[in-house]
Amino acid sequence: SDGMFAIVFTLLVIEIKVPEVHGLLSSTELWHRLVDLGPLFIAYVASLIVLSMFWLSHNFLYSFFVKEINRELVLLNLLYLGGVTLIPFTAHLIGQYPETPLALFLYGLNILFIGGVHVGIIFYTQHSKEFDTAHITPRLLKQAKIRANLTVIFTLLGLGAAIIYTPLAIVLYAFPILFNIIPGTLNALERFFGFEI
């Protein structure tokens with residue numbers, strides 16, 4: 001799985017091609033050509049954030065929650081990785097057609113699929129008799145579920161925003177990374193709002 005993520009991260013940047021020029025080119029002209037690639041770079045950064053979130057969640061799930069695997073979990077993991085490997089295509093799609101709501105919508109569907117499978121994997125490992133989750137505290141399990149569900153919720157919001165205002169869709173797709181990459185974010189929210197997760 002880590003190898004697959006490494007390949008997908010690499011494919012993201014390979015999709016950004018150096019501008020082809022025939023003959024001499026001034027620095028100003030080169031700058032304009034690079035500015036034209038701006039949407040591809042934005043799609044790259046957003047996808048880097050989204051993939052980082054999924055990789056961190058996946059890594060945590062399989063290093064802490066799941067101590068052994070079975071055939072069903074392998075199949076669920078293949079579904080998950082299938083969605084991950086599609087990200088370079090959908091990211092390039094929004095980089096090429098940033099003003100097209102359909103491109104943002106398809107990108108969101110890609111993220112929603114991965115997030116949905118991740119929620120399914122957590123549900124499966126928690127309810128299958130083949131997995132021992134006794135070492136997981138209820139609080140930790142609840143936080144893992146919240147993080148996974150936040151991805152799905154914000155992606156659904158992003159899908160709605162893709163039709164109305166495309167830049168907001170990208171922000172919503174990437175927003176859940178805050179709760180996955182910054183340690184203690186959910187704990188800080190709990191203290192701030194005065195409730196217990």
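User: Which residues of α8 are buried?

Analyst: Start with the cut-offs. Buried means under 20% relative accessible area, exposed means over 50%, and partly exposed lies in between, with a 1.4 Å probe and protein chains only. In α8 the buried residues are T166, A169, L172, Y173 and A174. Helices here are DSSP runs of H or I with at least four residues, strands are runs of E with at least two, and both are numbered from the N terminus.

User: Which elements do the buried residues of α8 pack against?

Analyst: Contact means heavy atoms within 4.5 Å. The buried residues of α8 pack against α3, α6, α7 and α9 (177–181).

User: What should I know about the model itself?

Analyst: This is a predicted model, in which local features need pLDDT of at least 70, side-chain atom pairs count only at pLDDT 80 or more, and totals for chains, interfaces and linings use all residues. Residues are numbered from 1 along each chain as its sequence is written, and side-chain values use heavy atoms, with hydrogens and water left out.

User: Where in the chain is confidence lowest, and where is it highest?

Analyst: pLDDT is the predictor's confidence in each residue, from 0 to 100. The chain has a mean pLDDT of 84, with 92% of its residues at 70 or more. Helix α10 (residues 185–193) is lowest, at a mean of 69. Helix α5 (residues 87–96) is highest, at 93.

User: How many helices and strands does the chain have?

Analyst: Ten helices and zero strands. The C-alpha atoms fill a box of roughly 65 × 40 × 25 Å along the principal axes. Of the 197 residues in the chain, 39% are buried. Among contacts between residues at least 6 apart in sequence, 75% join residues at least 24 apart.

User: What is the accessible surface of the chain?

Analyst: Accessible areas come from the Shrake-Rupley method with a 1.4 Å probe, and for residues only the protein chains shown count as cover. The chain comes to about 11100 Å², and 70% of that belongs to carbon and sulfur atoms.

User: Now single residues. Is T90 buried or exposed?

Analyst: T90 lies in helix α5. T90 counts as buried because its relative accessibility is 4%. Leaving aside neighbours within four places in sequence, T90 is in contact with L106, Y107 and N110. T90 and A188 are 98 residues apart in sequence, and their C-alpha atoms are 34 Å apart.

User: Why does Q126 count as partly exposed?

Analyst: Q126 has 24% relative accessibility, so it counts as partly exposed. Q126 is found in helix α6.

User: How do I read empty space?

Analyst: Rolling a probe the size of a water molecule over the atoms shows where empty space is left. On a 1 Å grid over the protein atoms alone, a cavity is a set of points where a 1.4 Å probe fits but cannot get out. A pocket is an open set with protein on both sides within 12 Å along at least five of seven lines, and lining residues have an atom within 4 Å of a point. Grid points are joined across faces, edges and corners, and a volume is the space filled by probe spheres set on the points.

User: Which residues lie nearest the centre of the largest pocket?

Analyst: L56, S57, F60, R147 and N180, out of 15 lining residues. The largest pocket holds about 260 Å³ of space. α3 (38–65), α6 (101–127) and α7 (138–164) each supply at least two lining residues. α3 gives the most, with six. Now the classes. Ala, Val, Leu, Ile, Met, Phe, Trp, Tyr, Cys and Pro count as nonpolar, Asp, Glu, Lys and Arg as charged, and the others, Gly among them, as polar. The lining of the largest pocket has nine nonpolar, five polar and one charged residues.

User: What lines the second largest pocket?

Analyst: The lining includes P39, I42, A43, T166, P167 and I170. About 200 Å³ of space lies in this second largest pocket. α3 and α8 (166–174) each supply at least two of its lining residues. By class, the lining divides into eight nonpolar, one polar and one charged.

User: What is the volume of the largest cavity?

Analyst: About 60 Å³. Its lining is L12, E15, I16, L40, A43, Y44, P88, A91 and H92. The elements giving two or more residues to that lining are α3 and α5.
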